[in-house]
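Work through the exercises below with the coordinates open. Try each task before reading its solution.

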Amino acid sequence: EFLYACGARVSEASGLLAANVDFGSGQVKVFGKGSKERIIPLHDLALSSMRTYLLLGRPKMLKGRESEFFFVSTRGNGMTTDAIRKMFKDALRQAGLDESLSPHDMRHTFATDLLDGGADLRSVQEMLGHASLSTTQIYTHLSPGRLKQVHARTHPRG
């Protein structure tokens, strides 16, 4: 849910600090490539799922130990990127979904769904942490429906 909710990279989920999840304001601070910081809003379902994990799942994993990381292993360390990928594959298998999907596909889906919902490219660029708008523009090609919609709304003969 977290990966889809904010378009985080696996490395950003792995390195997420518990102190950087702000349930009150409904946002999360992640550190991306080059230690670039960005703040991303979270929707209510993500906040609810993350709160449940924080209150019920995480304490079982920590068994009384402390950890600065939000997502933790049974040893109380931050979950590794490999562990997150494995958990993702297991969830796909259990749900009967295409196991060729990857956690990075959640990032693509996040961006595409935002654009399909009417978000502007600059906002999506900011949320994904892309340095260049041209990198974000790739997602506009993934959504023919959005292109038709924009064309119909903005072209004089649309």
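**Exercise 1. A charged network**

How many residues apart are aspartate 90 and arginine 93 in helix α4, and about how many helical turns separate them?

Solution. 
- The model is predicted, so side-chain atom pairs count only at pLDDT 80 or more.
- Aspartate 90 and arginine 93 are 3 residues apart in helix α4, so about one helical turn separates them.
- Their side chains meet in a salt bridge, 2.9 Å from N to O.
- Now take lysine 86. Its side chain also meets that of aspartate 90 in a salt bridge, at 3.1 Å from N to O.
- Lysine 86 and aspartate 90 both lie in helix α4, 4 residues apart, again about one turn of the helix.
- Next, accessibility. Buried means under 20% and exposed over 50%, with partly exposed in between.
- Aspartate 90 has 24%, so it counts as partly exposed.
- Arginine 93 has 46%, so it is partly exposed too.
- Lysine 86 has 54%, so it is exposed.
- Join the bridges that share partners: Lys86, Asp90, Arg93 and Glu99 fall into one network.

**Exercise 2. A salt bridge elsewhere**

Find the salt-bridge partner of arginine 9. Are arginine 9 and its partner buried or exposed?

Solution. 
- The partner is glutamate 12, with the closest N and O atoms 2.7 Å apart.
- Arginine 9 and glutamate 12 are both buried.
- The structure's count of salt bridges comes to 6.

**Exercise 3. Rings around tyrosine 53**

Classify the ring pairs that tyrosine 53 forms with phenylalanine 70 and phenylalanine 71.

Solution. 
- Start with the total: the structure holds 4 aromatic pairs.
- Apply the angle cut-offs: under 30 degrees is stacked, over 60 is edge-to-face, and the rest is tilted.
- Tyrosine 53 and phenylalanine 70 have ring centres 5.5 Å apart and planes at 45°, so this pair is tilted.
- Tyrosine 53 is in helix α3 (residues 44-62), while phenylalanine 70 is in the loop between α3 and α4 (81-95), 17 residues apart.
- Phenylalanine 70 has 0% relative accessibility, so it counts as buried.
- Tyrosine 53 and phenylalanine 71 are also 5.5 Å apart, centre to centre, with 35° between the planes; this pair is tilted.
- Phenylalanine 71 lies in the loop between α3 and α4, so its pair with tyrosine 53 ties together parts 18 residues apart in sequence.
- At 15% relative accessibility, phenylalanine 71 counts as buried.

**Exercise 4. The nonpolar core**

How many residues does the largest nonpolar core have, and which have the most contacts inside it?

Solution. 
- The largest nonpolar core has 29 residues.
- Phe2, Cys6, Leu16, Val28, Leu42 and Met50 have the most contacts inside it.
- At least two core residues come from each of α1 (2-6), α2 (10-14), β2 (27-31), α3, α5 (103-116) and α6 (121-128).
- Inspect cysteine 6. Leaving out residues up to four places away in sequence, cysteine 6 touches Val28, Ile40, Leu42, Phe110 and Met127.

**Exercise 5. The hairpin**

In which sense do β2 and β3 pair, and over how many bridges?

Solution. 
- The pairing is antiparallel, over 5 bridges.
- β2 and β3 form a hairpin with 5 residues between them.
- In the turn, glycine 34 has a positive phi of about 65°.
- Phenylalanine 31 stands opposite glutamate 37 in β3.
- Sort the residues of β3 (37-41) by face. Arg38 and Ile40 are on the covered face; Glu37, Ile39 and Pro41 are on the uncovered one.
- Asparagine 20, in the loop between α2 and β1, touches Gln27, Val28, Lys29 and Phe31, not counting residues up to four places away in sequence.
- Asparagine 20 has 14% relative accessibility, so it counts as buried.

**Exercise 6. Confidence**

Which element of the chain has the lowest mean pLDDT, and which the highest?

Solution. 
- Helix α8 (residues 144-154) has the lowest, 72, and strand β1 (residues 21-22) the highest, 98.
- The chain's mean pLDDT is 89, with 95% of its residues at 70 or more.
- Where pLDDT is low, predicted coordinates should not be read in detail.

Methods:
Residues numbered from 1 in each chain as written. Heavy atoms only, no water. Phe/Tyr/Trp six-rings, centres within 6.5 Å; stacked < 30°, edge-to-face > 60°. Buried < 20%, exposed > 50% of the residue type's maximum accessible area, 1.4 Å probe, protein only. Core = buried A, V, L, I, M, F, W, Y, C linked by side-chain atoms within 4.5 Å. Contact = heavy atoms within 4.5 Å. Pairing = 2+ DSSP bridges. pLDDT = per-residue confidence, 0-100. Salt bridge = Lys/Arg side-chain N within 4 Å of Asp/Glu carboxyl O.
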